[in-house]
Amino acid sequence: MTISVTVDGTVTEAKPEERLVELLNRAGTKIPQVCYHPQLGPIQTCDTCMVEADGALVRACATVVRSGMLVSTKSARALAAQREAFDRILGNHMLYCTVCDNNNGNCTVHNTTKLLSVEHQKIPFQPKPFAVDSTNPFYRYDPSQCILCGRCVEACQNVQVNETLSIRWEDPQPRVLWDGGAAIGESSCVSCGHCVTVCPCNALMEKSMLGQAGFLTSIPLSALNGLIDLVKGLEPETGFSAILKVSEAEAAMRESRIRRTKTVCTYCGVGCSFDIWTKDRHILKVEPSEGPANGISTCVKGKFAWDFINSSDRLTRPLIREGGKFREASWEEALALVARRLAEIKARSGPDSLAFISSSKCTNEESYLMQKLARAVIGTNNMDNCSRYCQSPATVGLFRTVGYGGDSGSIKDIEQASLVVIIGSNTAESHPVLATRVKKAHKLRGQKLIVFDLRENEMAKRADLFLHPKPGTDLVWLSAITRYILEHGLAKTAFLDQWVNGLEEYKKSLDTFTMEFAADKCGLPVETLQEAAHLIAEAESVCMLWAMGVTQHSMGSDTSTAISNLLLVTGNYMRPGTGAYPLRGHNNVQGASDHGAMPNFLPGYQSVDDPLVRARFEAGWNVKLPTTKGLDNHEMIEAVHQGQLKGMYLFGEEISLVDSNLNFVVSGLAKLEFFVVQDIFFSDTCRFADVVLPASPSLEKEGTFTNTERRIQRLYQVFEPLPGSRPDWQIIQDVANRLGAKWNYGHPSEIYREIASLTPLFAGVTYDRLEGYKSLQWPVAADGADEPLLYTKGFNFPDRKATLFPLSYSQPSEPPNGEFDLHLNNGRLLEHFHEGTLTYRSPGIREKTPDTFVEVSPELALERGIQSGTWVQLVSRHGQVRVRALVTDRVRGKELYMPMNSTENPVNRLTSSQVDKITHTPAYKETSVQLRVLPETGENPLPRSNHRFGHPTPQMGVEVERKWKRPDYRVPGTQAAQNDATKTNPNGD
Ligand code: SF4
Ligand code: SF4
Ligand code: SF4
Ligand code: FES
């Protein structure tokens, strides 16, 4: 349905409830709108969008259309108000566009000056009496250029919800404040970059832009100031239009050397996409705008952590081990050696004596080729990827109950749920942009949030209910709550009757899971568990999010299953705002598994032991395929130790740091007869290689990634591969061809064409359908129809019904005892990706977060005489590390937490070889240690500049009403404003 609105005399169709500014923008009616940003909504600080509606002056950004509304955007009154509002803005901003790094055709202040044909400024520019703040390593704030539009405040308060920024409108000269007035570098700012992204001028700018974007902006500051004065000196004579013409000519010249290329973040499973602006190999900035998963959002890694691309220690020559040392080799020699040795081992010991590990940081096409190399060329299903270390249990839980191994819906569903339950996930640090959507819905829309975690992380602090179960007991409380719901008439029986199998048998399995049993096992009060049960059962729609705090346990698959069981009993599938969301960790961990980098599945989760499936692939690939499941990562290391596995080919994976029980893993790697490692750096794992092949990172190649929402997105090549390195898909093809494969892929799109032809799950995926920012969420039918929300027509089983899966509980492995008396948890840190092999190469990140640490509770610190900075030795049954303590109430009692960001003292020296029984995912989170206090005390492992020491200033956005209450504020175009203008500018020019 539409309604009619008359705009400047023309009848125009409008959507009911839309804002006038949206209608005008869609209709192509140009009006100024400096503070308006579609993803921020109306913040109403600039007043430049004034129009007449039904005879009254209104802000178009804040006015909802009405049927029959008469709008004039060009009446004398509207134009005068727009001009007056913009004059006030120019009083806060010096126009020196030609020598400004923001003069790139998209500067809102510049473009509005032109739109309004401003020739002279009525309100003279006054610099503000505050210094430029450059204390953040990634961006700087220039108060004198700040037009006080408040977009940055709105973004920080209500999109990122870090609540660092504010404008104290009551100040004589307001400016943007960090933590109410701290230096940026000492504030709670997490450097997510939202504020910089939305700033409509050069007040907030990425440091990587400064002196780089313009032709005249790299000159020394004194000369630059001279030029600025010169430009300003011309204005009284020539007016702004002449100055703008010169600057536009300069901006057009920039087009010839600045490239903007869309890519997808390589760090985490949220799948943020953005344009990367480059000049030669220099990254000017990352500009998010219309990514389907992230819009304007990024975290510090996606926005600022790309220095590794041009790191001087990138590998550019293949390396061959000779006499215990590596020497450089030609590609020809290295590839020939790889092919010869793989062929020899296969001929001597059979195809199953070789194993292949794909990378969940690389593209779908690359995982596909790697598993094709293993299966079709070598003839083994010994093929895996690092989802084995994190996500496989969640996939099993979903396969058992609902049928697809992926998130049930999209991030938008999580945002719109009435209740979000987060279990074992430090979402704000591990999936930062996804977390912003929950924080926003919680803050602005009253979404309820329950968090179950060992640590009081940011989401726990924000939660309506935070519960801290004993380690490894999530299955118990989940099952007890489910039983309570069934017993107390709170279950969705109609849903169960229509859509779910196995209720009676499942109910029997709940016999032991009373609330009292759960209270005892989990250490949680019965009343609190009952409160959680009622919140979950009575919520309109529930999304459950979980991550490695659930999956990296010996009961990981069963606990994931218990989550899905609870969702089924409460009817929280099949509708928007509901479902199961195992948050995928790596950028493409979903895609690597989807595309067959698993020992039991060909691409699209098609079983290797299904003859019909094999027949299809055999016809497509023209080979005979192995028929039984291969070895997973965990079994591969066991098989090396047992002498069954002789050779391995691995790419983009730090197995020697990320697998558990590292001492066992590296001694296995050292036993391999032949080991090929393909990476962009000489990784820790390379130490054990016989041949190292230099690969190219995501910015140097094309392909697709699949994010946690099952969303397939294209990445485009930003840079040429660094000379000497090659994209992984080309290297894998080269190896396959030397083994006789005769592959001839000229571009990743050709690989995807083959994937789609063999895999029903991706039947309709084409590069055309993924062009630019377009994306598809699998399953994708042949006609291109995708499924952002799964199960709307039934579950992925033959009868379209889900299954309740009976479960029982067993104790976690290796619980604390008298000797190893402390529980050690571990996980990610916002600033670093995993061990930090990429992120430590960003000096700004290294400066703010230079090292790992172990979090110690205040009570344990008191008992053991530990302070922040005290060196301690953590000793487990499997190894030891030396690390500094950080005393914090994020952890409690005898529970420790160690982030992963260390290559020197990786936490996995301490973790065990215990695994989830179903998937062999290591039980990383079931580690007990003893803590020995060492005599030295160092500095606090987190420097004062780390955001964790900041003091946020939460408020409801920019709070423009406080501006309107200022004694000197007048609505532009009103008589009071006219009187003021006459006073300050009596000549009226
Ligand atoms: S957290 Fe920092 S970088 Fe992010 S929006 Fe707020 S002030 Fe800007
Ligand atoms: S710094 Fe903030 S308030 Fe100032 S111009 Fe930029 S977005 Fe607007
Ligand atoms: S790391 Fe994750 S949240 Fe951060 S920008 Fe990249 S994809 Fe987005
Ligand atoms: S765009 Fe409407 S007040 Fe700024």
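Trainee: Which conventions apply here?

Mentor: Residues are numbered from 1 along each chain as its sequence is written, and chains are lettered from A and ligands numbered from 1 in the order in which they are written. In this predicted model, local features need pLDDT of at least 70, side-chain atom pairs count only at pLDDT 80 or more, totals for chains, interfaces and linings use all residues, and side-chain values use heavy atoms, without hydrogens and water.

Trainee: Which residues of helix α20 are buried?

Mentor: Helices are DSSP runs (H or I, at least four residues), as strands are (E, at least two), numbered from the N terminus; buried means under 20% relative accessible area and exposed over 50%, with a 1.4 Å probe and protein chains only. In α20, the buried residues are Val-526, Thr-528, Leu-529, Ala-532, Ala-533, Ile-536 and Ala-537. They fall within an arc of 165 degrees (directions from the helix axis to the C-beta atoms), so they line one face of the helix. Glu-527 and Glu-538 are exposed on the face turned away from that buried side.

Trainee: How many residues surround ligand 2?

Mentor: Counting residues with a heavy atom within 4 Å, there are 14, and Cys-146, Cys-149, Gly-150, Cys-152 and Cys-199 are the closest.

Trainee: How is empty space found?

Mentor: A probe the size of a water molecule, rolled over the atoms, shows where empty space is left. A cavity is a set of points on a 1 Å grid over the protein atoms alone where a 1.4 Å probe fits but cannot get out; lining residues have an atom within 4 Å of a point. The largest cavity is lined by 28 residues, and β32 (822-827) supplies the largest share, four residues.

How values were computed: 1 Å grid on protein atoms, 1.4 Å probe; cavity = no way out; pocket = protein on both sides within 12 Å on 5 of 7 lines; lining within 4 Å.
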